[in-house]
Amino acid sequence: MYTLKTPSFLKPTSRPTSPSPLPPSRPDSAVPAERLSRPMSKLSFSNFKRNSVPLAHPTQSLAHDGSYMELLSLKLGEAISKALAQPLGPGTPGEMLNGRRPIPAGRGRALGELIATEINSTRDNLHLYRAVVRTLHRPLSVLVTNLSGQLIPLIASPAFLSPALPTAQSPHPNPTQLHALGLATFAGELLDTFDELGLGLDSDTRGDGLKIVRDSLLSTIKRVVEPLVSAIKNDLCPQIEGLEQPSSVVAKTTGATKVSAAHPSIVYLTSVMPVYAKALGKYITSAAAESTLASLIISLLWRGLTALSSRPMPAASHTPPGSPPLGTRTAKEIKRRSSSGTPPTTPPASRFTLKLPPSRPPSPPSTAGRSTLAGDAKALYDLLSTLPRPTHSLAREAVDDGYDSLSALVALLEFIQANRAGTAAVFDLATELQALTTDIPVLIALPVMLRAFVFPSLSQPTPERTVPSMLGLSESAYRSGCLSGFGRAEECVPAVGQRILNVLGACEGNTQGKDVVVRWLKAEVAEAVLEQQQQQHQSPTPTQH
C-alpha cells in the first residue's frame, strides 16, 4: 500500500541533483542583470540613506505630546516654587521680618519669560496652544493661592500702616511694608507678561480660563499699593484745599528788605513732597499699579485747580480805571512803606550788597506782602511736577492733560495780574483770553474771569458774587454736582455757561470788562455744545426690534 521513498537528504552526494527548471518569468518581475552581478558588499545600509525621507515636522509634533505636557506642568511648578522661595544670602536689618527677606524684584519677570516662551512656541498650532494654556491652570492657581496666603498676614498686621506715611526721619518702608511690596512687585511683573500675551482678558469660560488668575494678581497689587497711596493722598489733599483761602501771614522784615511770606500750605508741601515722591517711586513698580498713581495725581491737580480758582481776589485788586497795573502799583507802595518804616539809624541795603563776594550775584528783588494767587499756583505746579508720572499711554495722557490745565491756569493768573487794569480793546483781550484758556476747564476759568473783569468794573460797589450764587445753588451742591472731576465739569459747561450769560445780561454798569467775559463765554459754550452733539452722533444707537 505504501511505497517507501528515499528522502532527498538521504540520497548520495556523489552526484548532484539536477536543478529544477525555473518557472516562466514575467517581464514586470524581471530583475536586471547588473543587480544579479553585484557583490554582496553592495547590500549595505548606506545605499538606503539616499532614498529615506527626512522627518522635519513629526519632531515638533512629538515634542508636544501628553508626556511633554506633564513635563511642562512639573517645570512650571518647580519654577513657581523657586520664585516664592526664600532669597539666599544675608539680609539687612531693615528688611528682615521673622528671619526672612522679602522677595527680590525680577522673579516675576523671569517666571513670565518662561510662560511667554512656551506660549509663543505654539502660536501657529491652535490645538497645542490650548493644551499649553490648560497646562498653566494648575500651577498658576497654586501660585495665586500661595501669594494670598503670604499677603494676608502682612496687610492684617498693625505694622503695615504704622507708620502709614514716610517722613524725612524714616523715608524707607518698614520690614512689613517691604515684604508686602515684594509680593506686589512679583504680581505686577507677572501681570505685565499677561498683558503682553493677552491672557486672562476674556471672562468667557470658552476662552483661556485665566481671568481668575489675572484678577487675583491685580487684587494683590491693589491691596498693597492703594492703602499706602491713600495715606499720602489724605495728607496732601487738605493742604492743597487750604490754598483756597488767602494767606494770613504777612511779609517778614529781614534787615531793610521785606520778603513775601509763602502760603502755609506751600510751606508744608515743600517739606513733604520730596519724601512722598521717593516713596511713590518705591510703591509703583508695575504698569498695573500706575492706575493708582494716575488717580492720585489727577485728584491732586483737580483739587488744586478748584481751590485756586475759588480763592477771592485781594482787596487791593479793585483798582479804578486808569490805574497802573497791579504789580507795578503794589511794588511802589511797598517800597514807600518800607522806606518810611525804616529807622534812621539803620544803614541802607546798598551797604550790605557791596560787602557780598564778587562771585555771588546780588539776590533779585522780591515782592513784599502776602503770597499772590499766581505765585501760589506756580509753586503748586512746581511741587506736583516732582511726583513720578505713569509710563502707560492712557494713564500718562490723562495725567499730562491735568498738568497742562494747571500750567495754563498759572499763565492766566499771571496775565490777569499784569493786564487786568490795562486799556486793551475788548476784542483783543477776548482773543488773548481765548488762547490762554484753551487747556483750562471752562468752569475753572469762569470764576477767575468774573472776579478779574466783571465785578471790579461794576459802577455800584456790590459784594462779590460767586458762580454758585449766580446759579441759585449752595457751594457744596455746586461742587458735588458740577465740580466733581474733569469729565463732569466739561459736561456742565452748556447749562452753567448759558445761565451765567443770562445773569450777566441783567447786570448794569461799566460794560468793558463784562463784554470781555461775555464774548469769551459765548465762544466756550458754543464749542461745548458742538462737541456734545458730535459725540451723540458718533455714539451707536440701540437697535430697535
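A: A definition comes first: Ala, Val, Leu, Ile, Met, Phe, Trp, Tyr, Cys and Pro count as nonpolar, Asp, Glu, Lys and Arg as charged, and the others, Gly among them, as polar. The model is a predicted one, in which local features need pLDDT of at least 70 and side-chain atom pairs count only at pLDDT 80 or more, while totals for chains, interfaces and linings use all residues. Residues are numbered from 1 along each chain as its sequence is written, and side-chain values use heavy atoms, with hydrogens and water left out.

Q: How do the residues lining the largest cavity divide?
A: The lining of the largest cavity divides into 6 nonpolar, 3 polar and 1 charged. A cavity is a set of points, on a 1 Å grid over the protein atoms alone, where a 1.4 Å probe fits but cannot get out; a pocket is an open set with protein on both sides within 12 Å along at least five of seven lines; lining residues have an atom within 4 Å of a point.

Q: How much space lies in the largest cavity?
A: About 40 Å³, where a volume is the space filled by probe spheres set on the points, and grid points are joined across faces, edges and corners.

Q: Which residue types line it, and which helix gives the most?
A: Among the lining residues are Leu181, Ile221, Lys282 and Ala289. Helix H6 gives the most, with 3 residues; helices (H or I, at least four residues) are DSSP runs numbered from the N terminus, as are strands (E, at least two).

Q: Turning to the second largest pocket, what is its volume?
A: About 700 Å³ of space lies in that pocket. Of its 25 lining residues, Thr438, Ile440, Pro441, Glu490 and Glu531 are the closest to the centre. H20 supplies the largest share of the lining, 6 residues, and the lining divides into 9 nonpolar, 8 polar and 8 charged.

Q: Is helix H9 buried or exposed?
A: H9 is largely enclosed by the rest of the structure, because 17 of its 21 residues are buried (under 20% relative accessible area; exposed is over 50%, partly exposed in between, with a 1.4 Å probe and protein chains only).

Q: And where is Ala287?
A: Ala287 is found in the loop between helix H8 and H9. Its relative accessibility is 34%, so Ala287 counts as partly exposed.

Q: What pLDDT does the chain average?
A: The average is 77, and 69% of the residues score at least 70; pLDDT is the predictor's confidence in each residue, from 0 to 100.
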